[in-house]
Amino acid sequence: MRLTRFTDVALRVLMRLAVAEGTEAPTTREVAATMRVPYTHAAKVVARLQHLGLLDARRGRGGGLTLTSAGRSASIGSLVRELEGPEEVVECEGDTPCPLRSACRLRGALRGAQDAFYAALDPITVADLVASPTGPLLLGIGSGPPPD
């Protein structure tokens, strides 16, 4: 299974905000530059994470992005499920349905593997992801120019 770029960026944004607590709240542009993702993509991710209640975004002077308590304790498995959506690993129905779909065992095996993937991520929280040595490394990452 491969995560979408959107989910990857969302997880990295949450991780960056988790280590920013106690410092000046970074802006979306600053987080995008630090994580080396295009600003427009980061802005879409931030809007979705704000909608999910995982971060707060305030505009203007003294504004910026902050992680909510729900964001800090969010299960990575639940978050990935939410961001990736209910898609299966393989497309069996679609425009050109698979001729094996009525008796195929592959679909069930892949679904089981996908469930195991999410189950392995369920007990992990955003806070867990930024434990040492990751947190200190995230704090040390400089903000170069964003790749717009």
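## Basis

In this predicted model, local features need pLDDT of at least 70 and side-chain atom pairs pLDDT 80 or more, while totals for chains, interfaces and linings use all residues. Residues are numbered from 1 along each chain as its sequence is written, and side-chain values use heavy atoms, without hydrogens and water.

## Helix α6

Helices (DSSP H or I, at least four residues) and strands (E, at least two) are numbered from the N terminus.

Q114, Y118 and L121 are the buried residues of α6 (under 20% relative accessible area, 1.4 Å probe, protein chains only). Seen down the helix axis, these residues fall within an arc of 60 degrees, so they line one face of α6; the arc is taken from the directions from the axis to the C-beta atoms. The buried residues of α6 pack against α5 (76-84).

## Residue T125

T125 lies in the loop between α6 (106-121) and α7 (126-129). T125 is buried, at 18% relative accessible area. Beyond its neighbours within four places in sequence, T125 contacts R72, S73, A74 and I76 (heavy atoms within 4.5 Å).

Notes. Buried means under 20% relative accessible area, exposed over 50%, partly exposed in between (1.4 Å probe, protein chains only).
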